Amino acid sequence: MVQELHMENPICLIDNRPDGTLVVEEKAMQILLGIRQPVVVVAIVGLYRTGKSYLMNRLAGKRKGFPLGATVQAQTKGIWMWCFPHPSRPDHTLVLLDTEGLGDVQKGNTQNDSWIFALAILLSSTLVYNSIGIIDQVAMENLQYPFGTSESGHGL
């Protein structure tokens, strides 16, 4: 039987440095390298301050874990991960990825949003797009935003 991994709290996987560079955190990488069973990776993306961390805590079955804020100030920077035994798939590890919110005007660098979004897609087996209200035309345009053309000044 494979030893089960259980993290008490989430940790930073991808650090978003003040200069805009994204860096893989060594401690998180070592945890992932130590997993010896299949993984189910669920990542969440969406606009900043829309409840992504709250939703991921609920998926983890916890009230606390990913940091929550009571102000308009975004709490999550980069991509944070939380690993534990999958609740319904024996011998699987569930990896939850909470991402920095998209569209935060205080960041200043919109290309950074594109990289966070792309990493979430590439790292996950299931991607959750969190939005407020219905998924309308604006939401659909936001979904394609990270992959827009260079003419728009956005995209990869």
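**Note on a predicted model**

1. Confidence by element. Helices (H or I, at least four residues) and strands (E, at least two) are DSSP runs, numbered from the N terminus. Over residues 149-156 the pLDDT is below 50. That stretch still has 15 contacts in the model beyond near neighbours in sequence, a contact being heavy atoms within 4.5 Å. For the protein chain, the mean pLDDT is 81, and 78% of the residues reach 70 or more.

2. Ground rules. This is a predicted model, where local features need pLDDT of at least 70 and side-chain atom pairs count only at pLDDT 80 or more, while totals for chains, interfaces and linings use all residues. Residues are numbered from 1 along each chain as its sequence is written, and side-chain values use heavy atoms, with hydrogens and water left out.

3. The core. A nonpolar core is a set of buried Ala, Val, Leu, Ile, Met, Phe, Trp, Tyr and Cys residues joined through side-chain atoms within 4.5 Å. Buried means under 20% relative accessible area, exposed over 50%, and partly exposed in between (1.4 Å probe, protein chains only). The largest nonpolar core has 29 residues; Leu13, Met81, Leu96 and Leu97 touch the most other members. Two or more residues come from each of β1 (11-16), β3 (39-46), β4 (79-85), β5 (93-99) and α3 (110-123). β3 gives the most, with six residues.

4. Met81 up close. Leave aside its neighbours within four places in sequence. Met81 is then in contact with residues including Leu13, Ala28, Ile31, Phe66, Leu96 and Leu97.

5. Helix α2. Which residues of α2 (residues 52-59) are buried? They are Lys52, Ser53, Met56 and Asn57. Seen down the axis, the buried residues fall within an arc of 135°, so they line one face of α2. The arc is that of the directions from the helix axis to the C-beta atoms. Their cover includes β3, β4, β5 and β6 (126-130). Just after α2, Gly61 takes a positive phi of about 75°.

6. Cysteines. The structure holds zero disulfides, counted as pairs of cysteine sulfur atoms within 2.5 Å. Cys12 counts as buried because its relative accessibility is 16%. Cys83 is buried too, at 0%.

7. Asp91. Asp91 is not a glycine, yet has a positive phi of about 60°. Asp91 lies in the loop between β4 and β5. With a relative accessible area of 40%, Asp91 is partly exposed.

Key. pLDDT is the predictor's confidence in each residue, from 0 to 100.
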